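Subject: Handover of a structure and the findings on it

Dear colleague,

Please find below the structure that I am handing over to you. My notes on it follow directly after.

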Amino acid sequence: MAKEKALPRHKGVYILPNLFTTASLFLGFMGMIWAIEGLYEYSALCILGSCLFDGLDGKVARLTNTTSEFGVQFDSLADLVAFGATPALTMYLWQLHSFGTLGLMASFLLIACGALRLARFNVQSAVTSKKFFVGLPIPAQASTLATLILFTPHLPEAWISGVLPTACLVLVYVLSFLMVSTMRYASFKEYGFIKAHPFSSMVTVILLFVMVASRPKMLGFLFFLGYLISGPIYTLFILSPRSSKLLRESQKEPS
């Protein structure tokens, strides 16, 4: 009996991952609207919601086998709005406007470096390791600023009026630099450790979830701040000594 010919996948399925990307773009747009209206916490929540949909669109595309070059480019454009323009506008209106031109340039730098980061990722994604990102991912940059807005009520009143504006200015410049740097950040796309230690990994994930869920406004910012610091620590204190050691060993003459 001849095998039946497999029916082609319906083209409408490609709409599904792009709908998640559109939802991320929409939340980025709403974040800008609420920032203009002075509702900065709502804007921060929109940025975090965009991160959720940004993570889902790629997962859905891979699960349904509907990845496409169009989807990749659309995702990058949506990311530039949700994680570049929205946090830049929000930070400028929230804190950076008091610095005049310096604050304006900081906000623009956030968008420019975000665009460069996305362009470099699209060019290098096929040839670089999936274990690490080269440079701080733009969603992590946006999430750091969004969780900072939500974390602010936990700061002393004197810090909010005195220290916070300068800290935001410095943080924006640091985040912009880290996005275009060569610091290595964990991508969590390879699960070798999880497969080797499934039980301990599950317990760790549950504990982290419970901790963040118990005090999301406080621990969310600390979580992203830890991720922000992890890149320079790994690159400078773990990767660089290891690379130097391998280089020295390769230069040794065989006995």
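Predicted model: local features only at pLDDT ≥ 70, side-chain atom pairs only at ≥ 80, totals over all residues.

Residues are numbered from 1 along each chain as its sequence is written, and side-chain values use heavy atoms, with hydrogens and water left out.

Overall fold

The chain has 10 helices and 2 strands, taken as DSSP runs numbered from the N terminus (helices H or I, at least four residues; strands E, at least two). From the N terminus on, their order is α-α-α-α-β-α-α-α-β-α-α-α. Of the 255 residues in the chain, 36% are buried (buried means under 20% relative accessible area, exposed over 50%, partly exposed in between, with a 1.4 Å probe and protein chains only). Contact means heavy atoms within 4.5 Å; among contacts between residues at least 6 apart in sequence, 83% join residues at least 24 apart.

Individual sites

D79 lies in helix α3 (residues 69–94). D79 is buried yet has no salt bridge, and R117, the nearest side chain of opposite charge, is 9.0 Å away. A salt bridge is a side-chain nitrogen of Lys or Arg within 4 Å of a carboxyl oxygen of Asp or Glu; Lys and Arg count as positive, Asp and Glu as negative, and His and the chain ends are not counted. Leaving aside neighbours within four places in sequence, D79 is in contact with D54, G84, L118 and I138.

L155 is placed in the loop between α5 (138–151) and α6 (157–162), and is buried at a relative accessible area of 18%. Not counting residues up to four places away in sequence, L155 touches I160 and L164. L155 and M218 are 63 residues apart in sequence, with 9.8 Å from C-alpha to C-alpha.

F237 is found in helix α10 (residues 216–251) and counts as exposed, at 62% relative accessibility.

The structure holds 0 disulfides, a disulfide being a pair of cysteine sulfur atoms within 2.5 Å. C113 is buried at 8% relative accessible area, and C168 is buried at 0%.
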